[in-house]
Amino acid sequence: MNRNIIQTSAAAIALCLLSFSISAETAEEKGLAIAIEADKRDEGFADSTANMTMELRNKQGDTSIRYIRIRTLEVIGDGDKSMSIFDKPADVKGTAFLTFSHAIKPDEQWLYLPALKRVKRINSKNKSGPFMGSEFAYEDIASQELEKYSYKYLRDETLNGIDSFVIERYPAYEHSGYTRTVAWINKAEYRPEKIVFYDRKNSLLKTLTYDGYQQYLDKYWRAGQMNMENHQTGKSTTLAWKDYQFKTGLDDKDFNKNSLKRAR
Amino acid sequence: MKHVLTGFILATALLQTPVIAAQWSGYVSGQYRGFFEDPVDPRQHNTYLSAAAEPEFYHSWQGGDHSFNTILFYRVDQHDDNRTHGDIRELSWTGVYDAFEVTAGISKVFWGVAETQHLVDIINQTDLVENVDGEDKLGQPMIKLSTEQDWGSVDFFVLPGFRERTFPGVEGRPRPEVVVDTDANAIYDFSAGQDHIDLALRYSHYIGEWEFGLSYFSGIDRLPSDFVPIAFAPNGQPGAIVPVYSLINQAGIDGQVFFGDWTWKLEAINKEFRSGRRKGSHNFQSVVGFEYTWVGFTGAASDLGFVVEYHYSDANTRETIFNNDLATALRYVLNDAQSTEVLLGFLTDADTHTAAGFIEASRRIGQNWMLEAELRTYN
């Protein structure tokens, strides 16, 4: 009996401690925990290839289209390696980027110019510049590593019927173009549904929305459409993704300067 | 100001959809060149119209490990017979075998890091009639063996079939006062002549923010070592000259490093003449400089870049225009949907106190057209 009481009270104390520790989980810890879970759910895809159409729209509604093929190699413990090959517009056909992305230190990036057959190392310290004239900055399209931000859980919210965590992310990279971004993370699948970007002056800059999610290999969610709207300029860019393939057998040799020159 | 040249280039690219990994692409372009001042030689003109086409065929198999690439080029010029010319820019097969890559056929290779002069870049001959900036190259027959390893990349070249430099013809402009006669036989001051097989080796690597290359070339210098008169005008002045090509050994080094938003660059060559009048003599040349890019300089999407490069050569001014010169350039990139860019540059010679300036601007129109304009001045 005594023993039972002790056991029960021990359990009660343990329960108290547990609930205490839950309530003591700071907003920062909860935000990080959500980011860790999201990161974990995307692990192990090894490599992927996809075709992307980038549509640029200005305030007047004029559009301009780019076709880009993207190959990605997952790198465990560091940023991924990627190759972007341009098919259109015609004047940049064959132009390609090779990027070894890193969380905190600057990416290593090479640009291949087919007319000169020149491989040029790009000073990629400043990732805040626009990618191919679009509303996406280099840092927006780079691989999303856990260490790139510190996190803070804000609240739960239903976004277009989707139960979401709302977390705030603060770039760790000193040359980032943002003071913070606010992300709506799908509670069931831990995938981003919307991200709002605030510029260096902490003014509302852009909103990115994800649509048409599809699951690949029963695990990896990829958006079919990503729409970035710039609130300051009225311009927007839509990325439409097609032909996703995973575990195609790409390796390090497919992501070096010789393969960049061969990329077509 | 002695010569002022403007050029307009219109280009369109005709793309066809890929058919089983084989694809045709390419462009056609129209060009107008106008000069603000009358020519020195009455045989030259003030305006030149020309058109060019560059079809390209590419086919790959075995998942891209093998590929065949062809790029043909042809230009028709209104006045300049030498500028009316064709070239096989590319006709090559490339095969990948694990970490090794083999290319055989006619191809093009670029070496180096500098923007205003390409010192170490020696594999391909310059197609000088295309543009005075020397950026256009002729296709070079080659067998190239490459490997890329953790410790760096090595490229080994066997280069049969020397290509002679193109020069503007009698009616061409701009050109030297004395015409370089490319129809007459050029002079090779060594016995093998044009049949000499050149060899080249390059090692390149990067460590963190440092990027560097070491190169060695043994063969026929792409730049003529001299010009000799073959015809004389009634006043005793040379009426035409031909280039003299010599054998050289050339060691080159190039490198660049990032410090913050700054990119520092260096290229240097040491050329040893192995034949002819200058046999045994050396020539050292270098270019050092930096590039700085101010990302988002108007607070918006555009970038402003500065390029400053200093050129040095221990040879006399006759052999190179880049003997003690400072090149400065300003690049304005709008990062707009039409990829609008403007490049503004000056080249000043500290010895002769001469200067040259240029403006290059380009903008895409629609999806398939590109408009380019160039303005060059010399004094």
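Helices (H or I, at least four residues) and strands (E, at least two) are DSSP runs, numbered from the N terminus. By that count, chain A has 4 helices and 15 strands. This is a predicted model, where local features need pLDDT of at least 70 and side-chain atom pairs count only at pLDDT 80 or more, while totals for chains, interfaces and linings use all residues. Residues are numbered from 1 along each chain as its sequence is written, and chains are lettered from A and ligands numbered from 1 in the order in which they are written.

The C-alpha trace of chain A spans about 85 × 45 × 35 Å along its principal axes. Of its 264 residues, 35% are buried (20 or more other C-beta atoms within 10 Å of the residue's own, with C-beta atoms placed from the backbone). Taking contacts (C-beta atoms, placed from the backbone, within 7 Å) in chain A with a separation of 6 or more, 42% link residues 24 or more positions apart.

Where the chains meet, chain B puts in 36 residues and chain A 26. On the chain B side, strand 3 (47-61), strand 7 (140-149), strand 15 (247-259) and strand 17 (282-295) each supply at least two residues.

Strand 7 of chain B also pairs (at least two DSSP bridges between the strands) with strand 8 (residues 152-159) of chain B, antiparallel and over 7 bridges. A hairpin with 2 residues joins these two strands, and Lys144(B) sits opposite Phe157(B) of strand 8. Strand 8 of chain B pairs with strand 11 (residues 198-207) of chain B too, again antiparallel over 7 bridges; here Val154(B) has Tyr203(B) as its bridge partner.

Definitions and conventions. Contact = placed C-beta atoms within 7 Å. Buried ≥ 20, exposed ≤ 12 C-beta atoms within 10 Å, placed from the backbone.
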